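Colleague: Can you walk me through this model? I would like to go from the overall layout down to single residues.

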Amino acid sequence: MTFLRGMGRLWLVCALAPALAMAQAQVQNADLQRYQDGRTALDNLQWQKALSNFQGLSAGSAQAEGALYWKAFALYKLGQGREALASVAELRKSFPQSGWLPDADRLATAISQNAGADASTKKQDSADERQRALADRVREDPAHAPAML
């Protein structure tokens with residue numbers, strides 16, 4: 001009786017194996033298509049669309065390493081530096097031997113440098129705005145220009 005139950009299980013495994021293999025192949029094809037769609041979106045400067053594609057990839061896909069890098073890149077282009085750095089950190093943690101790490105490190109450096117540049121750019125923009133406002137007031141009321149300056 002135990003032998004028959006064991007044979008029944010074996011038969012079931014053998015019967016389901018092709019269906020499971022086909023389902024796995026479909027998931028892999030879908031992941032590959034999503035990855036390619038994401039790369040196409042990057043090429044077309046469609047950052048949000050690219051991000052959506054890379055976020056939708058399954059973690060175990062063959063493209064997972066590249067997807068984490070490109071996700072970080074899309075986040076960076078969308079002005080979400082903190083989230084981009086988190087994606088780079090996830091790439092480092094999940095794939096410590098990845099060939100994408102040198103690119104990810106360069107991206108992280110650029111994000112960090114731009115974060116400092118953003119602060120100085122804002123200060124410069126603020127000074128430019130004040131200078132334009134002052135020039136406008138001088139043009140409107142030239143008699144009081146020396147007092148304003």
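Colleague: What pattern does the protein chain follow, read along the sequence?
Modeller: This is a predicted model, where local features need pLDDT of at least 70, side-chain atom pairs count only at pLDDT 80 or more, and totals for chains, interfaces and linings use all residues. Residues are numbered from 1 along each chain as its sequence is written, and side-chain values use heavy atoms, leaving out hydrogens and water. Helices (H or I, at least four residues) and strands (E, at least two) are DSSP runs numbered from the N terminus; here there are six helices and zero strands. The pattern is α-α-α-α-α-α.

Colleague: What percentage of the residues in the protein chain is buried?
Modeller: Buried means under 20% relative accessible area, exposed over 50%, and partly exposed in between, with a 1.4 Å probe and protein chains only. The protein chain has 149 residues. The buried share is 23%.

Colleague: Leaving aside neighbours within four places in sequence, which residues is Leu42 in contact with?
Modeller: Contact means heavy atoms within 4.5 Å. With those neighbours set aside, the partners of Leu42 are Trp47, Ala50, Phe54, Trp70, Phe73 and Ala74.

Colleague: Is α3 largely enclosed or largely open?
Modeller: Among its buried residues are Leu68, Tyr69, Trp70 and also Lys71. Ten of its 14 residues are buried, so α3 is largely enclosed by the rest of the structure.

Colleague: How far apart are the end C-alpha atoms of α3?
Modeller: The expected span of a helix is 1.5 Å times one less than its number of residues. For the 14 residues of α3 that comes to 20 Å, which agrees with the distance in the model. The end C-alpha atoms are apart by 20 Å.

Colleague: Is α2 roughly parallel or roughly antiparallel to α3?
Modeller: Axes are lines fitted to C-alpha atoms, for helices over the stretch in contact, and angles run from 0 to 180 degrees between N-to-C directions. The α2 and α3 axes are 9 Å apart, at an angle of about 150°. Angles under 35 degrees count as roughly parallel, over 145 as roughly antiparallel, 65 to 115 as roughly perpendicular and the rest as oblique. That makes α2, relative to α3, roughly antiparallel.

Colleague: At what angle do α3 and α4 pack?
Modeller: Their axes are 8 Å apart. Residues that meet there include Leu68, Ala72 and Leu75 in α3, with Ala84, Val88 and Leu91 in α4. The two helices are roughly antiparallel to each other. The angle is about 165°.

Colleague: Is Gln63 buried or exposed?
Modeller: Gln63 lies in the loop between α2 and α3. Beyond four places in sequence, Gln63 is in contact with Asp31, Leu32, Tyr35 and Leu57. Its relative accessibility is 15%, so Gln63 counts as buried.
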